[in-house]
Amino acid sequence: MKDAFGIPQSLLVLGGTSEIALATVRRLIARRTRTVWLAGRPSPALETAAADLRAQGADVHTVAFDALDADSHEATLGKVFAEGDVDMVLLAFGVLGDQARDEREPAAAVRVAQTNYTGAVSSGLVAARALQAQGHGSLVVLSSVAGERARRSNFIYGSSKAGLDAFAQGLGDALHDTGVHVMVVRPGFVRSKMTAGLEEAPLATTPEAVAAAIELGLRRRSETVWVPGALRVVMSALRHVPRGLFRRLPL
C-alpha cells in the first residue's frame, strides 16, 4: 500500500527500459518502493536495468511485454497482479518515430500510432481494471506536450500522444471516486537516448527532473503534471495562436 505521502510500495512499469521510467523507479526506491516489475521486450537492456535496481535493494522482476501485442496484455498483466497488489502502474513505453520516413512509409507511421496509442489503450484499460478490482492504486501515464497541438515537424508522433492524453484524461474521469488515481505527465523535450541527435527545444528537461515531478505529483495526488511547469503557460498560449501563424512558427 502507499504511505501517507503517496509513495508506492509496489510498482509495475510498462516500458521497462524507458530512461524516464528507470529514473522514476530509482527515485521511488530511495523513498519506499520495494517491489518492482519491469515489463518490456526481453533484451539485455531490460535485464541490466533490473540488475541495477536490485543493487539498490529492491525486489525486481522482469516480465515479457509487447505494446503491439494487445491480445497478450490481459494475460501478461494478470500474472503480475496475481502475485499481489500493485500500488502504481507507470505506462512509459512509446516511440518517437522518424517524421520524414513515416510520411513516406505509412506502415511505419501506423506502427508509431499503434505503439503510442493503441497499445496504451489496451494495456491502460487492463491495468485500470486490475487497480479498480483491488480498490486502490495509481496509473501514471507518460504523455507529452507534443500532443497539445500538432506541429509540422512531428505531427505523427504528436497526434498519437494527443490521443493517449485524451484517453488518459477520460479514464481518470471514469475512475474518479473508485480509489484509483490517474495522473497524466506532460514532459517537454527530454534529453535522452530517444532524442539524441535532435535539436534541443527550449525548456528542455531530463529524465531525473521528470522523475522528481512524478514523485511530487504522487504526493499531491495531481491529475496533470507539466515538466517543467512553465510549459503549462507556454502551451496554453500556443493553443490559441491562429493556425496560419502557427504553421509559420519555427517549431
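This is a predicted model: local features need pLDDT of at least 70, side-chain atom pairs count only at pLDDT 80 or more; totals for chains, interfaces and linings use all residues.
Helices (H or I, at least four residues) and strands (E, at least two) are DSSP runs numbered from the N terminus. Seven strands form an open sheet with parallel pairing, in the order β3-β2-β1-β4-β5-β6-β7; two strands pair if DSSP finds at least two bridges between them. Because β3 (59-64) and β7 (224-227) stand at the edges with a single partner strand each, one side of each is left without a neighbour in the sheet. From one strand to the next, the twist averages 15°.

Strand β4 (residues 88-91) pairs in the parallel sense with β1 (residues 10-14) over four bridges, and four bridges also join β4 to β5 in parallel. Met 88 is the bridge partner of Leu 11 and, towards β5, of Ser 138, while Val 89 stands opposite Leu 139. In a regular strand the side chains alternate between the two faces of the sheet. In β4, Met 88 and Leu 90 lie on one side and Val 89 and Leu 91 on the other, and all are buried; buried means under 20% relative accessible area, exposed over 50%, and partly exposed in between (1.4 Å probe, protein chains only).

Helix α1 packs on the sheet, where it touches β1, β2, β4 and β5, and its direction makes about 175° with that of β1. Contact means heavy atoms within 4.5 Å; axes are lines fitted to C-alpha atoms, for helices over the stretch in contact, and angles run from 0 to 180 degrees between N-to-C directions. The buried residues of α1 include Ile 20, Val 25 and Leu 28, and the elements that cover the buried residues include α2 (44-54) and α7. The 13 residues of α1 should span 18 Å, and the end C-alpha atoms are 19 Å apart, which agrees; the expected span is 1.5 Å times one less than the number of residues.

The count of salt bridges (a side-chain nitrogen of Lys or Arg within 4 Å of a carboxyl oxygen of Asp or Glu) comes to 10. One of them joins Glu 215 and Arg 27, with the closest N and O atoms 2.5 Å apart. This pair links helix α7 (residues 207-220) to helix α1 (residues 19-31), the two residues being 188 residues apart. Glu 215 is buried at 5% relative accessibility, whereas Arg 27 is partly exposed at 29%. Another salt bridge joins Arg 239 and Glu 148 (2.2 Å, N to O). Arg 239 lies in helix α8 (residues 231-239) and Glu 148 in the loop between β5 and α6, 91 residues apart. Arg 239 is partly exposed at 38% relative accessibility, and Glu 148 is buried at 18%. Salt bridges that share partners join Arg 27, Arg 31, Glu 215 and Arg 219 into one network.

Technical notes
Residues are numbered from 1 along each chain as its sequence is written. Side-chain values use heavy atoms; hydrogens and water are left out.
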